[in-house]
Amino acid sequence: MNSQPSHISTDKFRREHSASLSDLLSTRRDFLMRTGMGFGALSMAAFLGVDATGAFGATSAAAPSASGPLAPRKPHFPAKAKAVIHLFASGGPSQVDTWDPKPELTKFTDKTIPGHDGLAFGSPFEFTKSGKSGVEVSSVFPQLGTVIDEMAVIRSLWTDIPAHEVAQRFMHTGALQLPKPSMGSWAVYGLGTENQNMPGFITLGGQPEWRQASFLPGVFQGCNVNYSTKMDLDDVIMNIKNQFTPVDRQRRELDLVHDLNAIHAKNLQHDAQLEARIESFEMAFKMQTEATDAFDITKESDATRELYGKTEVGAKLLVARRLVERGVRFVQVDLGSWDHHGDLARVLKAKAGEVDGPAAALIKDLKQKGMLDSTLIVWGGEFGRTVTRDRNGNATPGRDHNGRAMVAWMAGGGVKGGMTYGSTDEFGARAVENKVHIHDLHATILALLGFDHTKLTYRYNGRDFRFTDNFGNVVKDVIA
C-alpha cells in the first residue's frame, strides 16, 4: 500500500506528472498509438477505414464534394445493381435436392449407375412447378417457390476443387491458393460506398478470408459483425461507443491526427498501414450512432418482422436489407452448415427451412420498397454433392462433395426472373450444357454492378490483378 497521502505533492510526483523534453520528441507512430488509446473504437482498427471527409445522412446520396477511397464512383457502364447481398450457403448444398430435379436418378435409387461408384441416391424431396414461369422448386423451399418469378436459377455451375477451404476461398476471392481480395472488397474498390458513415462492405459471420482486402488498401476490407438478436445493441460492435471521451473531444483528436499525418505524408512518406489505422478511427467515430441504429430491428413494423420470421436467420436478412437501405454496398450473410454427409433427408430439410421464409421475405420486402431492381441477391455454396450415397455407408445416407455440378440463384439487380440456365447430365452429376465456371459467375456479378471484369484491375507486385484472374465470361442470358 502507498503510504504517501494522495494530496501531498512531492518532488517525485511532480516529476512523474510534469511534461518533459522526451514527451515532445516522441515519434509520429508513438503519438498516434498514445492518442489512439483514447478511442473506444480501437477494437475495429484492424478492419475498418474510410476517408475523413464528408458526413451526410444515412440514406441520402453521396455529397458531390465527397472524396477519398470510399467516395461513390461510377462504374464502366450503367449498372443494373448498386448493392449486393450475398447469402452464402457454406458447406456445399446438394443441387439435386434443392434446385436441379432429376427424376432419372430417382429411378436408379439403391442401384449402380454407369460411370459412378456406389449406389444411386434419388432425392427424397418432391419438385413442383411454381409461379407463372413454372420453374420446378423443391418441397424444402415452399416460400421461395412463391417468388420464383423473381429468381434466375443457374443449374450448370461448377468449380475446380471440391474441398471446403479451397472452394470457399475460390468462391469469395477467385483464387485457389494465393490470398487475394474478396468479392466485396473488389465491389467497394470499384464503386465506393454511398454512405460515408458506414463501412462499404459488412459481413454477418463467416471466415476472415471471405472478407479480406489482401493487397488492396485496407480501407476495402470487410467489417465483420457477429450480430445476434440475443445481444445488446451496444455489444453488437464492441466498443463502438466511447464511454470516457466526449464526442467533441474525439472529433478534435481525430482532426489533429489527420493534420499531423498529412504533414508527415507531404514532407516524408506515406505509411499505408498507419493511414488505414487512422481511417479506422474515423469510421468508428462516425458509426457511433448510425451503426447501432442499422442493427436495431425493433424499429421495423410488426408486420415486417413477422414477414422475415422471428428467428436468427430472419433477423440477419432483415439487417442486411437495413444495411443496403443505408447505402452499404456489399453485405454478406453466412448461412452455413450445408455439409450433409449423412441423414440428408432430415438435416437438409431443416436447414432449408431456416432459410426459405427469410430469403423469400427479403425478395418481397425489397420489391415492396422499390429496392429489388437495384439490389442483387446471390445464394449458393462452394460446391455441390454427389448423386450417390456418401461413402461412409451411413444407414441414413447423405452425399459426398462434388465440384462438377452445383447450383446458385440470383434475384433482383437486373437479373431475369422466372428462369433456369444451363443443365447437368441426366443424373445431375456434371454440368453439361451452358456450363458456368466460378469465374463466369464472378464476371456476371461484376457486369450487373456495371463493370467490365477484364478492366477492373489493381496493380500489385509488378502486374495488374483482377477478380476473375485470367478468364471468365459474362452469362448474358440471365441479365435482363
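A salt bridge here is a side-chain nitrogen of Lys or Arg within 4 Å of a carboxyl oxygen of Asp or Glu. By that rule, a search of the whole structure turns up 22 salt bridges. Keep in mind that this is a predicted model, where local features need pLDDT of at least 70 and side-chain atom pairs count only at pLDDT 80 or more, while totals for chains, interfaces and linings use all residues. Residues are numbered from 1 along each chain as its sequence is written, and side-chain values use heavy atoms, with hydrogens and water left out.

Let's start with R399, whose side chain meets that of D97 in a salt bridge (2.8 Å, N to O). R399 sits in the loop between β9 (384-385) and β10 (401-402) and D97 in helix α4 (residues 95-98), so the pair ties together parts 302 residues apart in sequence. (Helices, H or I of at least four residues, and strands, E of at least two, are DSSP runs numbered from the N terminus.) Both R399 and D97 are buried, that is, under 20% relative accessible area, with exposed meaning over 50% and partly exposed in between (1.4 Å probe, protein chains only).

Now for the nonpolar side. A nonpolar core is a set of buried Ala, Val, Leu, Ile, Met, Phe, Trp, Tyr and Cys residues joined through side-chain atoms within 4.5 Å. The largest one has 57 residues, and L87, W99, L144 and W409 touch the most other members. Helix α14 (residues 344-368) gives this core its largest share, 10 residues. There's also a second, separate core of 43 residues, including M183 and F201.
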